[in-house]
Amino acid sequence: MKRPPVIVAQLVHILGPLKGQIQEFTESVISIGRDRDSHLRYPADLINVSRKHAEIIREGNQFKLVDHSANGTFLNGKKIKEAYLKNGDVLAFSEGGPKVSFLTQMKEMEVEPERMPLIPPREEAKEAIEAGPPNVGPKRLPEEKPRVAEPVKQEEPVDVSSQPIKVPLIIQYGPTLRSYKELPITLGKSSTCDFIIDHPALFDQHAQVFFSQNQYWIKDLTGQGMIQVNRMPISFQASLKMNDEVSLSPRGPIFRFLGEGRLAEIAEPTAEELPKPSEKKGEPQQEIKKGKGLKSVFKKLLDR
């Protein structure tokens, strides 16, 4: 049994001690701070965040951010006392403090069915239960076939991504949050990509995100099956569903598809886990020294 859909507030932690986590709230007031009763609670030693730093208050279908702190609350880089929030806004709790991205999502909540009270059996039924079933010989159960995990749905190599279409897309990677109003876009190391990720495991032109058949899709541009969805490699392209885990290579970076055109980074590989860069023709393959990972290149928030 399901309740009517409700608006769920999502906070994607992009900087601070909770970086990489995604929290969901259905409360009418979301309290934020170091106080032990806060819904979003930061460590006690994070002194630039007040005990009762801020609140997000639900007003119908809107959410209002209210500051109660000594060091200030910032919305998209601007210090505020009160402001209404929209999808993709970046909140910072004190200057240089932890940051989160604010998102909303409609969800249907499950309702646990009421349990019927147990009725004690009558004496006759009790005796029959204690005596057990009649001796009719063992009953063979049909042999169950082992369950096999369903592979990620993939499409035949037919290019359906070349036509531009005006749909939104928001990508959060580290402290960078960038939004797009038209797809397709490309991701990779090259400066010609729409979203640049300077990661040693990625190709110059690594992936493409596009929209087709009322769905968001990701396409592998490497030709080597490096992209995985829910840890299953895709040979060409695959549609994205709510909470799908998208890894651009076996060594990351890894994103989660939050629905409604939102990709948020959920993990960051350590320097020891980073692979060797791809070998180019005429150039020897170079090793990345242990403990010296390449830093990601981030671009400023840009609305097209």
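A: A strand here is a DSSP run of E with at least two residues, numbered from the N terminus. The model is predicted.

Q: Which strand does His-13 lie in?
A: His-13 belongs to strand β1, which covers residues 6-15.

Q: Is His-13 buried or exposed?
A: His-13 counts as buried because its relative accessibility is 1%, and the cut-off for buried is under 20%.

Q: What is His-13 in contact with, leaving aside neighbours within four places in sequence?
A: The contacts of His-13 beyond those neighbours include Leu-18, Gln-23, Leu-40, Tyr-42, Lys-99 and Val-100.

Q: And how far is His-13 from Val-90?
A: Their C-alpha atoms are 9.7 Å apart, while along the chain His-13 and Val-90 are separated by 77 residues.

Q: New topic: the open sheet. What is the order of its five strands?
A: The order is β15-β14-β16-β17-β20, with mixed pairing.

Q: Which strands are at the edges?
A: β15 (195-196) and β20 (237-239) are the edge strands, and each of them pairs on one side only.

Q: In what sense do β17 and β20 pair?
A: β17, residues 215-220, pairs with β20 in the antiparallel sense, over three bridges. Opposite Ser-239 in β20 stands Trp-217.

Q: Last one, Glu-245. Where is it found?
A: Glu-245 is in strand β21, residues 245-247.

Q: Why does Glu-245 count as buried?
A: Because its relative accessibility is 18%, and buried means under 20%. Leaving aside neighbours within four places in sequence, Glu-245 is in contact with residues including Gln-228, Arg-231, Phe-255 and Ile-266.

Notes
Residues are numbered from 1 along each chain as its sequence is written. This is a predicted model: local features need pLDDT of at least 70, side-chain atom pairs count only at pLDDT 80 or more; totals for chains, interfaces and linings use all residues. Side-chain values use heavy atoms; hydrogens and water are left out. Two strands pair if DSSP finds at least two bridges between them. Helices (H or I, at least four residues) and strands (E, at least two) are DSSP runs, numbered from the N terminus. Buried means under 20% relative accessible area, exposed over 50%, partly exposed in between (1.4 Å probe, protein chains only). Contact means heavy atoms within 4.5 Å.
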